[in-house]
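Okay, thanks for coming, everyone. I've got one model to walk you through today, so let me put it on the screen.

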Amino acid sequence: MKAAVVVFPGSNCDRDLAVAFEQAGFDVSMVWHKDSALPEGVDIVGVPGGFSYGDYLRCGAIAAQSPICQAVVEHAERGGYALGVCNGFQILTETGILPGALLRNAGLKYICKTVELNVATADSVFTQGYNAGDVIGIPIAHHDGNYFADDETLAQLKDQDRIAFTYGDNPNGSRDDIAGILSENRRVLGMMPHPERAADSGHGGTDGTAMFRALAELSVSA
């Protein structure tokens, strides 16, 4: 299995994401934002958390225009898998791969703590290691994690069972407590919480491990 983790100026969770993939058995490549192509045979692309380009303009907006993001868009359009975490989720919405937008937290403060997440669906490669209704503990660390989408988009997400995770106690004001969503083909997940920070017992929790183990079962190369 092959994973590519994209690195932007300001990424700070790229290594954490790479280690989580490696521990699950992936062969991992780090891909620089100025590259115009992904490594051959990549199964999944990881878009990590951090502060790409210093979060100038709007979180993820500049990163979405980088050369590598065009390759990520093409990868997703071919049916490839992708996981965007925190800033990575923001980037995926800015590219249009995922719907909606991430706004400033309702309390206007940066939040860094472990939160309870409800697994809203187990019907995806990302969440199949859980049961729908499971409650897991995953860290968050963001200032702009307030998920917003219009009523029509929210209705589609619900009707198509594309809400992957919801917050038990909404920390940022996200509509309908949304913490993570899936693409229409269910092969792209964007989420604000950091599963890679809950994939090693030395970090205080392992509730994110099931996600990476499930991803390691991918058998179709994009």
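This is a predicted model: local features need pLDDT of at least 70, side-chain atom pairs count only at pLDDT 80 or more; totals for chains, interfaces and linings use all residues.

Where does Cys86 sit? You'll find Cys86 in the loop between strand S4, 81-85, and helix H3, 87-95. Cys86 is buried, at a relative accessible area of 5%. His194 is in a loop too, the one between strand S11, 188-191, and helix H5, 209-215. His194 is also buried, with a relative accessible area of 1%. Again skipping neighbours within four places in sequence, the contacts of His194 include Cys13, Gly49, Val85, Cys86 and Ile138.

Okay, the sheet. Nine strands make an open sheet with mixed pairing, and the order is S2-S1-S3-S4-S11-S10-S9-S6-S7. S2 and S7, the latter being 135-142, are the edge strands, each pairing on one side only. On average, neighbouring strands here are turned by 20° against each other, ignoring direction. Zooming in, S3 and S4 pair in the parallel sense over four bridges, and Val45 has Ala82 in S4 as its bridge partner.

Now the helices. H1, residues 14-23, packs on the sheet and touches S1, S2, S3 and S4, with its direction at about 175° to that of S1. H4, residues 151-159, lies across S9 and S10, running at about 70° to S10.

H2 covers residues 67-77, and its buried residues include Ile68, Val72 and Val73. The buried residues of H2 pack against strands S1, S2, S3, S4 and S11, plus helix H3. Just after H2, Gly79 takes a positive phi of about 95°.

Which residues touch the most other members of the largest nonpolar core? Out of its 67 residues, those are Phe21, Ile44, Leu83 and Phe165. H2 gives this core its largest share, six residues. As for Phe21, leaving out neighbours within four places in sequence, its contacts include Ile44 and Leu83, along with Phe212 and Leu215.

Conventions:
Residues are numbered from 1 along each chain as its sequence is written. Side-chain values use heavy atoms; hydrogens and water are left out. Helices (H or I, at least four residues) and strands (E, at least two) are DSSP runs, numbered from the N terminus. Buried means under 20% relative accessible area, exposed over 50%, partly exposed in between (1.4 Å probe, protein chains only). Contact means heavy atoms within 4.5 Å. A nonpolar core is a set of buried Ala, Val, Leu, Ile, Met, Phe, Trp, Tyr and Cys residues joined through side-chain atoms within 4.5 Å. Two strands pair if DSSP finds at least two bridges between them. Axes are lines fitted to C-alpha atoms, for helices over the stretch in contact, and angles run from 0 to 180 degrees between N-to-C directions.
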